[in-house]
Amino acid sequence: MAAQARPPRKALVTGAARGIGLAIARQLAQDGMQVLATDVDAQALAMAVSDLAQQGFAVAGEPLDVCSRAEVRALLHTLGPLDVVVNNAGIASRLLAFGDIAASELRRIFSVNVSGVFVVAQEAARQMKEGGRIVNIASRGYLGGAGASHYVASKAAVVGLTRAMAIELRWRGITVNAVAPGMVDTRMLDDFSAPMRRSLERREPSGSAADPQTIADAVAFLSSARAAQINGQVLLVDGGKSVGMPPL
C-alpha cells in the first residue's frame, strides 16, 4: 500500500506586498509550501498576489495589521497550526539625528518593528507544530549607525527577541532565527536622494544594493528541514560589510 503524500507545509509571511516579503513569499511557494502573504496595504497585496498567480505561484493574500493582536489572533485561528512564520513587516524613517527623534516617532517604529514581530510570533507559537520555523527579519543596522538610532534600536530588539524565543521554544522542537540584511533594493531606499544612494552603494562590497531574492534564499534555508540544528542565530546577509571595511 503506497504511503500517503504529506500535505504541504503552511507558511505565513508578513509585509509581503512588495520587496523582501514578496520575494520570500514567492520562494517559499516555489519550495512547495502553502503560503499566505499578508500586508497592511490591502491594495498592494492584492496586486502582488495577482502577479504571483500570473507567474504560476498559488499564494493566498490577506490584509493584516501586525500591530493588532485581535487581527492576528483571528487570522491565525482560521489558519490553524503553521509550520513556518516569517516576520518581515517593518518600517523605517528618514535619517534623524539622535537628539531630533520625537517620542512619537520612536513609538511608531517600535510598534511595527518590535511589537508586530512579538505579537505575530507569540500568537503563532501557541499552536505551532514541532519542527516549526520562525524567521524574523532584522537588519545589519542592529550593529549601530548614525542618523537612525530609533531604527537601530528596534532591530537590535528583534535580535534579542529572536535569541530569547529560541531558548524557550527549542524544547518544543521549534527554531527561531533572524536574517539581518544589509542594503537591499526595496522601497525603503526611496527616501534617499540619488546622490546619497550612490554614496551608500559605493560603500557596499558588491558596489550596489542586494536583490531581495538574496534575502529570500537565506530565509528559505532557515525555514527548511535542513536547518533543524540552526537556532537562535543571526544570519547577516550584507556582502561582508559587517566584518569591516577595507582601508581607503
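A: Contact means heavy atoms within 4.5 Å. The model is predicted. Leaving aside neighbours within four places in sequence, K241 is in contact with R140, R203, E204 and P205. K241 itself belongs to the segment after strand 7 (234-237).

Q: Why is K241 called buried?
A: Buried means under 20% relative accessible area. K241 has a relative accessible area of 17%, so K241 is buried.

Q: What makes strand 3 and strand 7 edge strands of the sheet?
A: The open sheet has 7 strands in the order 3-2-1-4-5-6-7, with parallel pairing. Strand 3 (60-63) and strand 7 each have a single partner strand, so one side of each is left without a neighbour in the sheet. From one strand to the next, the twist averages 20°.

Q: How do you know that strand 2 and strand 3 pair?
A: Two strands pair if DSSP finds at least two bridges between them. Strand 2 (residues 34-39) and strand 3 have 4 bridges, in the parallel sense, so they count as paired. T38 stands opposite E62 in strand 3.

Q: Which strands does helix 5 touch as it packs on the sheet?
A: Helix 5 (residues 149-169) touches strand 5 (133-137), strand 6 (175-181) and strand 7, and its direction makes about 165° with that of strand 5.

Q: What makes up the lining of the second largest pocket, by residue class?
A: The lining divides into 4 nonpolar, 4 polar and 8 charged residues. Of its 16 residues, P7, P8, R9, D83 and K129 lie nearest the centre of the pocket, and the volume is about 320 Å³.

Conventions. Residues numbered from 1 in each chain as written. Predicted model: local features only at pLDDT ≥ 70, side-chain atom pairs only at ≥ 80, totals over all residues. Heavy atoms only, no water. Helix = DSSP H or I, 4+ residues; strand = E, 2+ residues; numbered from the N terminus. Buried < 20%, exposed > 50% of the residue type's maximum accessible area, 1.4 Å probe, protein only. 1 Å grid on protein atoms, 1.4 Å probe; cavity = no way out; pocket = protein on both sides within 12 Å on 5 of 7 lines; lining within 4 Å. Points joined across faces, edges and corners; volume = space filled by probe spheres on them. Nonpolar A, V, L, I, M, F, W, Y, C, P; charged D, E, K, R; others polar. Axes fitted to C-alpha atoms, helices over the stretch in contact; angles between N-to-C directions.
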